[in-house]
Amino acid sequence: MAYLTTNHADKERFICVYPVYLNSKKTLAEGRRIAAEKAVENPSCSEIKDVLSAAGLNVLLENHMHPREWNRDAQFRGRVRVQLKQEDGSLCQDKFTSRKDVMFYVAEMIPKLKTRTQKSGGGDSNSQQADGGKKNKKKKK
């Protein structure tokens with residue numbers, strides 16, 4: 001009794017995509033499901049939802065955590081449910097035949113989001129601040 005329902009349009013039959021599946025900072029043992037080279041640094045549920053909604057898929061956002069995610073912060077919470085098949089069993093979109101197709105597409109599109117392109121400039125200043133903090137610790141010794 002793997003599924004309580006056989007209707008592909010039911011929310012329980014949608015595939016789950018956790019941010020950890022696409023996170024380049026995670027190892028395979030920690031839950032990453034795609035190659036690190038293709039993965040994205042710390043993706044969020046809202047980014048995944050935005051990309052898949054823009055692609056025309058039926059998407060739901062749920063407040064669940066991945067079992068292997070030890071960090072309880074709101075940033076790492078959530079999962080996205082995606083409808084791959086219609087009620088009759090046919091694909092919603094031909095380019096998404098499997099969950100891997102969805103994950104590769106999302107990982108490819110997240111870096112192109114406006115929020116990501118703006119953050120990349122801010123990320124550099126944060127790394128400089130972190131370096132500055134390390135230098136101060138060396139001086140104290």
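The questions and answers below look at the sheet, the helix packed on it and the salt bridges of a predicted model.

In this predicted model, local features need pLDDT of at least 70 and side-chain atom pairs count only at pLDDT 80 or more, whereas totals for chains, interfaces and linings use all residues. Residues are numbered from 1 along each chain as its sequence is written, and side-chain values use heavy atoms, with hydrogens and water left out.

Q: In what order do the three strands of the open sheet stand?
A: Strands are DSSP runs of E with at least two residues, and helices are runs of H or I with at least four, both numbered from the N terminus. Two strands pair if DSSP finds at least two bridges between them. The pairing in this open sheet is antiparallel, and the order of its strands is S1-S3-S2.

Q: Why is one side of S1 and of S2 left without a neighbour in the sheet?
A: Strand S1 covers residues 15-17 and strand S2 covers residues 59-62. One side of each is left without a neighbour because both stand at the edges of the sheet, each with a single partner strand.

Q: Which residue in S3 is the bridge partner of Val17?
A: S1 and S3, the latter spanning residues 79-82, pair in the antiparallel sense over three bridges. In S3, the bridge partner of Val17 is Val80.

Q: What angle does the direction of helix H1 make with that of S3?
A: Helix H1, residues 45-54, packs on the sheet and touches S1, S2 and S3, where contact means heavy atoms within 4.5 Å. Axes are lines fitted to C-alpha atoms, for helices over the stretch in contact, and angles run from 0 to 180 degrees between N-to-C directions. The direction of H1 makes with that of S3 an angle of about 20°.

Q: How far apart are the closest N and O atoms of Lys26 and Glu69?
A: A salt bridge is a side-chain nitrogen of Lys or Arg within 4 Å of a carboxyl oxygen of Asp or Glu. Lys26 forms such a salt bridge with Glu69, and the distance between their closest N and O atoms is 3.5 Å.

Q: Is Arg79 buried or exposed?
A: Buried means under 20% relative accessible area, exposed over 50%, and partly exposed in between, with a 1.4 Å probe and protein chains only. Because its relative accessibility is 12%, Arg79 counts as buried.

Q: Which residues are linked with Glu62 in a network of salt bridges?
A: Glu62 forms a salt bridge with Arg81, with the closest N and O atoms 3.2 Å apart. Arg79 also forms a salt bridge with Glu62, with the closest N and O atoms 2.5 Å apart. The residues linked with Glu62 in this network are Arg79 and Arg81.
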